[in-house]
Structure formats: C-alpha cells, structure tokens
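Please read them with the structure open beside you.

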Amino acid sequence: DRVSAPMQPTMPLVAAAGQAEAAGNIQPTGRVEASVAYSPAAHLLFTAGGTACPKLGTDYFLVTRQYEVGAGGYTSLGSSGWLLSGLGGYGQAVSNRGYKDVGIIIFGPTFSEYNARYSKLFAQAGIARVWDRGSLGFTYRLTQVRFATLTDTRYGELPLTRMARHEILFFARRAWGSSSHWESLATAGMSVSGTPRIPDDPTYSSNGTVQYEANRNLLPAFYASFGVVYRPHWGGR
C-alpha cells in the first residue's frame, strides 16, 4: 500500500582513507538496488545509491526509480572490530503502485493505483561488528518525505504532503572463499511511519474515502534482499 517504497538504509563498511566499496542487491519484489561508498580522507565518507523496478504485473506491481546521495563519517572503536558510522543525505523518487483488494464477494476485488513524486532528507547511524571473513550490523534511519504529487487514480490528489519514516535494517556479510574483495550480503528490515493518521474531514469527502487512501501510505513497509559487495581496498587495509 505504500507508494513511497523506501530504499534500504545500508551501512557501508569503509574504515580507512582511500577505501571504497560497491554493493548491489535484489529484493523479492524484483526491485534492484545499488550503492557506492568512498572515503577520500580519514573519517570522511561519501555515498550514492539508486534503485529501480519495472512493471512486472498488471494486478500487483510497483514501478519506481529513485536515487540518493549522502555524506558523513565513521570511526573504529580501537582494535575491537566495532565500526560506527553516520550519514545525512538527500534523494528523489518517482513511484507507481497498483494492487487488488480482496473486496466483498458481491462486488469482487477492487483495483487501487497510486502515483507519487517526492524528495527526501535523511539521517542515519549504524554499528557493525567486523571479522576477517564477515560482519554483522544494524542501521537506523530517520527520513522526511515531501510529496510533490501523491494521487489515487480514482480519487485524485490525496491530502498527504509529507511524512516521517523510522527505518531499521539488519545485515550480514560473508567473504567468498579465499577472496578478500567479494562478499555476499543479506538484509532484513522495516520502515514505519512517524506521522499521525489524517482525521476524517468533510472538506475532502463526505465519507472519509480520500483520508483512508492517504492513510494507507502510512502503513509499515518490510524489506529483505540478497546481494554482493565488491571491496577494491584502494589505499586501505
């Protein structure tokens, strides 16, 4: 039900000046995400990422194109293997989601379709435990979404101009064989709204239908993925 389709708040494991990494993953919906991270100087980090999903069905689909860029820093906690990072950034997206409700038997299923264009600001913090052959980590992100347009094909413009999202992600990495450059990546997480539901208002509709459709975009979103990470170890360990 969520046309915003949040990107995963992935934490890069860059820990020294000159290091870089590139990651790519695919989600059960068919959506593909890719990201890169680079540290030009000690404790300084730049990131960029994007995601896309084509139309894979007629009754249930999510079509989206998104990008985001970020900047922040990182620090290692001595020789303990723990890594901390923090980022802030900006992104833009276009999304189109359609699905069929179960509906009442007499009337059959109802098809709903949303379209959205929006920008976002985000801040995130992450922690990871890094070993020689793998790592485990957790990331929290706060995102502020601002809709340029949010429409329902049946009811038109919806009365939701912005929303906050709390997003968490757990991830695990594992090095491939004897290679120190390639790692497998598995993630799981969720995004929940930090914005109150819109109350019924006769200004928009007499039966609250428009508010109901807008509030469906405040529902939780779950994500999971499998992918790979490439670490060229430029100038680092």
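1. I begin with Ser85, which lies in strand β5 (residues 82-100), where helices (H or I, at least four residues) and strands (E, at least two) are DSSP runs numbered from the N terminus. Ser85 counts as buried at 9% relative accessibility; buried means under 20% relative accessible area, exposed over 50% and partly exposed in between, with a 1.4 Å probe and protein chains only. Not counting residues up to four places away in sequence, Ser85 touches Met11, Gly73, Tyr74, Gln124, Ala125 and Gly126, a contact being heavy atoms within 4.5 Å.

2. A word on the basis of these notes: this is a predicted model, in which local features need pLDDT of at least 70 and side-chain atom pairs count only at pLDDT 80 or more, whereas totals for chains, interfaces and linings use all residues. Residues are numbered from 1 along each chain as its sequence is written, and side-chain values use heavy atoms, with hydrogens and water left out.

3. Turning to the nonpolar cores, each is a set of buried Ala, Val, Leu, Ile, Met, Phe, Trp, Tyr and Cys residues joined through side-chain atoms within 4.5 Å. The largest has 16 residues, of which Ala116, Tyr118, Phe147, Leu150, Leu158, Leu160 and Met163 touch the most other members. The elements β5, β6, β7 and α1 (209-215) each give two or more residues to this core. Leu160, leaving aside its neighbours within four places in sequence, is in contact with Phe147, Leu150, Ile198, Ala214, Asn217 and Leu218. A second, separate core of 13 residues includes Tyr74, Leu87, Phe171 and Leu185.

4. How many aromatic pairs are there? Rings of Phe, Tyr and Trp (its six-membered ring) pair if their centres lie within 6.5 Å, planes under 30 degrees apart counting as stacked, over 60 as edge-to-face and the rest as tilted; by this rule the count comes to six. One of the pairs is formed by Phe61 and Phe111, which are tilted at 6.2 Å centre to centre with 40 degrees between the planes. Because Phe61 lies in strand β4 (residues 61-76) and Phe111 in strand β6 (residues 111-130), this pair ties together parts that are 50 residues apart in sequence. Phe61 is buried, with a relative accessible area of 7%, whereas Phe111 is partly exposed at 28%.

5. Phe138 and Phe170 also form a tilted pair, at 5.0 Å centre to centre and 50 degrees between the planes. Phe138 lies in strand β7 (residues 134-152) and Phe170 in strand β9 (residues 162-175), so the pair ties together parts that are 32 residues apart in sequence. Phe138 is partly exposed at 30% relative accessibility, and Phe170 is partly exposed at 47%. Elsewhere, ring pairs link Trp176, Trp182 and Tyr230 into a cluster.

6. Strand β1 (residues 20-26) pairs with β11 in the antiparallel sense over five bridges, two strands being paired if DSSP finds at least two bridges between them, and Ile26 stands opposite Phe226 in β11. Strand β10 (residues 182-193) and β11 are also antiparallel, with 10 bridges, and Ser191 has Ala221 in β11 as its bridge partner.
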